[in-house]
Amino acid sequence: MTTPPVLKLVKEAAAPLPQVRELDWSILMARAQDGDANAYPRLHESITPYLRAHAARCHRNPSDVEDAVQDILLTLHAVRATYDPARPFGPWLTAIARRR
């Protein structure tokens, strides 16, 4: 049985999501830097699954994964003022995560 053309179109349209996600992260971080109290917790909620997946590639023990995620989030908090909203958020976050 073949997939109807409409479903194929939806599956193909899903490819750009990482770019949209990164744009959302950039916007949330910029808003957090501007003092939006809701943006920073939303950013954390949004990036935590990504950070967990990143940490799981480096650690096998689930508690080590969670420790790594917490370490990355603490580092992010400490250096959040260094983020330049004119630049992409994803590479900045990934650089922080790789160093932890």
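A residue counts as buried here if its relative accessible area is under 20%, as exposed if over 50%, and as partly exposed in between (1.4 Å probe, protein chains only). With that in hand, let's look around.

This is a predicted model, where local features need pLDDT of at least 70, side-chain atom pairs count only at pLDDT 80 or more, and totals for chains, interfaces and linings use all residues. Residues are numbered from 1 along each chain as its sequence is written, and side-chain values use heavy atoms, with hydrogens and water left out.

**The whole chain**

The protein chain has 5 helices and 0 strands; helices (H or I, at least four residues) and strands (E, at least two) are DSSP runs, numbered from the N terminus. Of its 100 residues, 30% are buried. The accessible surface (Shrake-Rupley method, 1.4 Å probe) comes to about 7,000 Å², with 57% of that belonging to carbon and sulfur atoms. A contact means heavy atoms within 4.5 Å. Among contacts between residues at least 6 apart in sequence, 55% join residues at least 24 apart.

| Helix | Residues | Buried residues |
|---|---|---|
| α4 | 62-79 | Val 65, Ala 68, Val 69, Ile 72, Leu 73, Thr 75, Leu 76 |
| α5 | 89-98 | Phe 89, Gly 90, Trp 92, Leu 93, Thr 94, Ile 96, Ala 97 |

Helix α5 is mostly covered, with 7 of its 10 residues buried.

Helix α4 has 18 residues and reaches 26 Å from its first C-alpha to its last, close to the 26 Å expected (1.5 Å times one less than its number of residues). Its buried residues fall within an arc of 160 degrees seen down the axis, so they line one face of the helix; the arc is that of the directions from the helix axis to the C-beta atoms. An α-helix has 3.6 residues a turn, so residues three or four places apart point the same way. Over on the other side of α4, Asp 67, Leu 74 and Ala 78 are exposed.

At the N-terminal end of α4 sits a cap: a side-chain oxygen of Asn 61 lies 2.9 Å from the backbone nitrogen of Ser 63.

Thr 48 belongs to helix α3 (residues 39-58). Why does Thr 48 count as buried? Because its relative accessibility is 13%. Leaving aside residues up to four places away in sequence, Thr 48 touches Val 69 and Leu 73, and both of these are on the buried list of α4. The Thr 48 side chain also reaches the backbone oxygen of His 44 at 2.5 Å.

Definitions and conventions
A polar contact is a pair of N or O atoms within 3.5 Å; within protein, one must be able to donate a hydrogen and the other to accept it, and residues adjacent in sequence count only if both atoms are side-chain atoms.
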